[in-house]
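The sequence and coordinates come first.

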Amino acid sequence: MAAQVKVAVIYYSATGITYQMAQAACEAAGDAGAEVRLRKVRELAPDEAIRSNSGWQAHRLETQNVDEAEPDDLAWADVVIFGSPTRFGLVTAQLKQFIDTTGPLWENGVLADKVYSAFTSTATEHGGQESTLLSLFHVFYHWGGIVVAPGYTEPSQFTAGNPYGASHTSNNGETAPGHVALAATALTAKRAVRIGGALKQGLAG
């Protein structure tokens, strides 16, 4: 019997849009037979800034029981799926700060030969979704990881339109992820689990 694939879904979300996509990734990975950890990265914004935005404050309360990501979550996982809103075509400072703590794991080769994938959201159409995903892939290449993207592997992807990873346009936080974005997120997770499982089985053999 093949060993169960371990998946860490690690995300940042201010007002909950990316969090909803993270939940979809977790659900799809679990349905694919994986053991899943959902982890948020540590918030860096000051309390004053968070309190000034009712959606931000409400989401912080909503997810107060979600564990914060630690480097050990990366060491534990066979598959890591990152989620982040876009900030000027890049990931958020919060996720980047977490990535910057992974030096010791990288130096010891712990992050190599794992499967990595990603999803993102933007406030506006063409707001840097692809560049954000590609910037994350650069990190995975440095780690020696194996990047798995959804591609155009299902007809729904021609509607979603992003072969690099799941993405969503929130219209400045007003529009929650719908069927298309959540289906793309699920596909991203399922492909990562399937390929991660094949890789794990091959290494075990």
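Predicted model: local features only at pLDDT ≥ 70, side-chain atom pairs only at ≥ 80, totals over all residues.

Where is the place of Gly-89? Gly-89 lies in the loop that runs between β3 and α5.

Gly-89 has a relative accessibility of 11% and counts as buried, since the cut-off for buried is under 20%. Leaving out residues up to four places away in sequence, Gly-89 touches Gly-127, Gly-128, Ser-131 and Thr-132.

Phe-88 has a relative accessible area of 87% and is exposed, whereas Gly-89 is buried. The backbone of Phe-88 has a phi near 55°, which is a positive value in a residue other than glycine. Most residues other than glycine have a negative phi.

## Overall fold

The protein contains nine helices and six strands. Its radius of gyration is 16 Å, close to the 17 Å that the globule rule gives for 205 residues, so the protein is as compact as a globular protein of that length. Taken along the principal axes, the C-alpha atoms fill a box of roughly 55 × 40 × 30 Å.

Of the 205 residues, 48% count as buried. When contacts between residues at least 6 apart in sequence are considered, 79% of them join residues at least 24 apart.

## Surface and charge

The protein exposes about 9900 Å², and 51% of this is supplied by carbon and sulfur atoms. There are 14 positive and 20 negative side chains, and the centres of these two sets lie 3 Å apart.

## Strand β1 and its partner

Strand β1 covers residues 6-11; five of its six residues are buried, so the strand is largely enclosed by the rest of the structure. β1 pairs with strand β2 (residues 35-40) in the parallel sense, over six bridges. Within this pairing, Val-9 has Leu-38 in β2 as its bridge partner.

Thr-122 belongs to strand β4 (residues 115-122). Thr-122 counts as buried at 5% relative accessibility. Beyond its neighbours within four places in sequence, Thr-122 is in contact with Thr-86, Gly-127, Gly-128, Gln-129, His-168, Thr-169, Ser-170 and Asn-171. Gly-127 and Gly-128 are also touched by Gly-89.

Asn-171, one of the contacts of Thr-122, is found in the loop between β6 (166-169) and α9. Asn-171 is partly exposed, at 43% relative accessibility. Its phi is about 55°, a positive value although the residue is not a glycine.

## Buried positions in helices

His-59 sits in helix α3 (residues 54-62). His-59 counts as buried, with 2% relative accessibility. Not counting residues up to four places away in sequence, His-59 touches Ser-13, Ala-14, Thr-15, Gly-16 and Tyr-19.

Phe-137 is part of helix α7 (residues 129-143) and is buried, with a relative accessible area of 4%. With residues up to four places away in sequence set aside, Phe-137 touches Ala-118, Val-147 and Tyr-164. Phe-137 and Ser-117 are 20 residues apart in sequence, and their C-alpha atoms are 8.0 Å apart in space.

## Helix α9

Thr-185 is located in helix α9 (residues 179-204). At 2% relative accessibility, Thr-185 is counted as buried. Its contacts, leaving aside neighbours within four places in sequence, are Met-21, Ala-24, Ala-25, Phe-119 and Ala-166.

Which distance separates the C-alpha atoms of Thr-185 and Thr-132? The separation is 15 Å, for two residues 53 apart along the chain. Thr-132 is among the residues that Gly-89 touches.

Notes
Residues numbered from 1 in each chain as written. Heavy atoms only, no water. Helix = DSSP H or I, 4+ residues; strand = E, 2+ residues; numbered from the N terminus. Buried < 20%, exposed > 50% of the residue type's maximum accessible area, 1.4 Å probe, protein only. Contact = heavy atoms within 4.5 Å. Rg over C-alpha atoms; globule rule 2.2 N^0.38 Å. Areas by Shrake-Rupley, 256 points an atom, 1.4 Å probe, with all protein chains shown as cover. Lys, Arg positive; Asp, Glu negative; His and termini not counted. Charge placed at Lys NZ, Arg CZ, Asp CG, Glu CD. Pairing = 2+ DSSP bridges.
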